[in-house]
Amino acid sequence: MGINILVVDDEQTIADLIEVYLKNEGFTVFKFYNGQDALKCVRTEKLELAILDVMLPDIDGFALCQKIREYHNFPVIMLTAKEEEVDKITGLTLGADDYMTKPFQPLELVARVKAQLRRFIKYNSGEPLREEKLIEFSGVVLDKDSHECTLNEKPLALTPTEFSILWVLGVNQGRVVSSEHLFHEVWGDKYFKNSNNTVMVHIRHLREKMHDSAEHPKYIKTVWGVGYKIEK
């Protein structure tokens, strides 16, 4: 079964380069140079991942990411020409799973694409696993087979990354999960100093969706200087 990837970048040379590298890995690429055409593709094609440039000539990548998240939970990787942390945080807050700053190495982007797809397919497959496939705590139910989450019996729309974070915390219910361990389990990458910011942004976004707060947490408790914990 082919894997369809959306690539959106108004710099045609970059979009074309990404397309070449992805096609060399056997992926099917839907390539666009503006947001509106990409949005039409999102509505008509079955996609497994999207790579979005932040700066587009019509609607920006942030707005496009928001539109995608209204209907889909496949991974989204943002591309930004800026080193500013605010761009990265904005993208993650709006539902992106990862980001890369231009200029970037195409092979690194391909590696990140594969890592995101592995996690997405893992949590959306119906393969029989000996590990737990259903977790419940404080009104939250996580179903690993269907990749569905409910909060007080109401559906909670989570991105693959958010689901993974909540799953890791739920599996370790009653124990503190360090930011480093969480990053390693969810992102599968080596932990660096700024990796903690990535974890913090996703935790904050999770809390917003769950109507939780850091000051008086009902679900995710921050253990300062250590990590995060879900009480038993």
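So, α6 and α7 cross in a right-handed way. This is a predicted model, by the way, so every value you hear from me is computed from it. The axes of these two helices, α6 and α7, come within 10 Å and cross at roughly 130°. An angle over 145 degrees would count as roughly antiparallel and 65 to 115 as roughly perpendicular, so α6 and α7 end up as oblique to each other. Who makes the contact? On the α6 side you have Thr 161, Ser 164, Ile 165, Val 168 and Leu 169, and on the α7 side Leu 182, Glu 185, Val 186 and Trp 187.

Now bring in α8, which covers residues 195-209. The axes of α7 and α8 come within 10 Å too, with a crossing of roughly 80°. That puts the angle between 65 and 115 degrees, so α7 and α8 are roughly perpendicular to each other. From α7, the residues involved are Ser 179, Leu 182, Phe 183 and Trp 187; they meet Ser 195, Asn 196, Thr 198, Val 199, His 202 and Ile 203 of α8.

How many aromatic pairs does the structure hold? The count is 2. One of them is Phe 163 with Trp 167, a stacked pair at 6.1 Å centre to centre, with 15° between the planes. Both residues sit in α6, residues 160-171, and they are 4 residues apart, about one turn of the helix. Are they buried or exposed? Phe 163 has a relative accessibility of 1%, so it counts as buried, and Trp 167 is buried too, at 4%.

Then there's Phe 183 with Trp 187: ring centres 5.1 Å apart, planes at 15°, so that pair is stacked as well. The setting is α7, residues 179-187, and again the two are 4 residues apart, about one turn of the helix. Phe 183 and Trp 187 are both buried.

While we're on buried side chains, a quick word on cysteines. Cys 41 has 5% relative accessibility and so counts as buried; Cys 149 is at 4%, also buried. The disulfide count is 0.

Next stop, the other end of the chain. Tyr 21 is in α1, residues 12-24. With 29% relative accessibility, Tyr 21 counts as partly exposed. What does Tyr 21 touch, leaving aside neighbours within four places in sequence? Pro 106, Leu 107 and Val 110. Pro 106 is 85 residues away along the chain, yet its C-alpha atom and that of Tyr 21 are separated by 7.0 Å.

Most residues other than glycine have a negative phi, and most peptide bonds are trans. Against that background, Lys 102 and Pro 103 are joined by a cis peptide bond, omega about -5°. Pro 103 sits in the loop between β5 (98-101) and α5 (106-124).

Glu 153 is exposed, at 76%.

Last, the zoomed-out view. The protein has 8 helices and 12 strands, and buried residues make up 50% of its 232 residues. Of the contacts between residues at least 6 apart in sequence, 57% join residues at least 24 apart. That's me done.

Terms used. Residues numbered from 1 in each chain as written. Predicted model: local features only at pLDDT ≥ 70, side-chain atom pairs only at ≥ 80, totals over all residues. Heavy atoms only, no water. Phe/Tyr/Trp six-rings, centres within 6.5 Å; stacked < 30°, edge-to-face > 60°. Buried < 20%, exposed > 50% of the residue type's maximum accessible area, 1.4 Å probe, protein only. Disulfide = S-S within 2.5 Å. Axes fitted to C-alpha atoms, helices over the stretch in contact; angles between N-to-C directions. Parallel < 35°, antiparallel > 145°, perpendicular 65-115°, else oblique. Left-handed = near helix turned anticlockwise from the far one by under 90°. Contact = heavy atoms within 4.5 Å.
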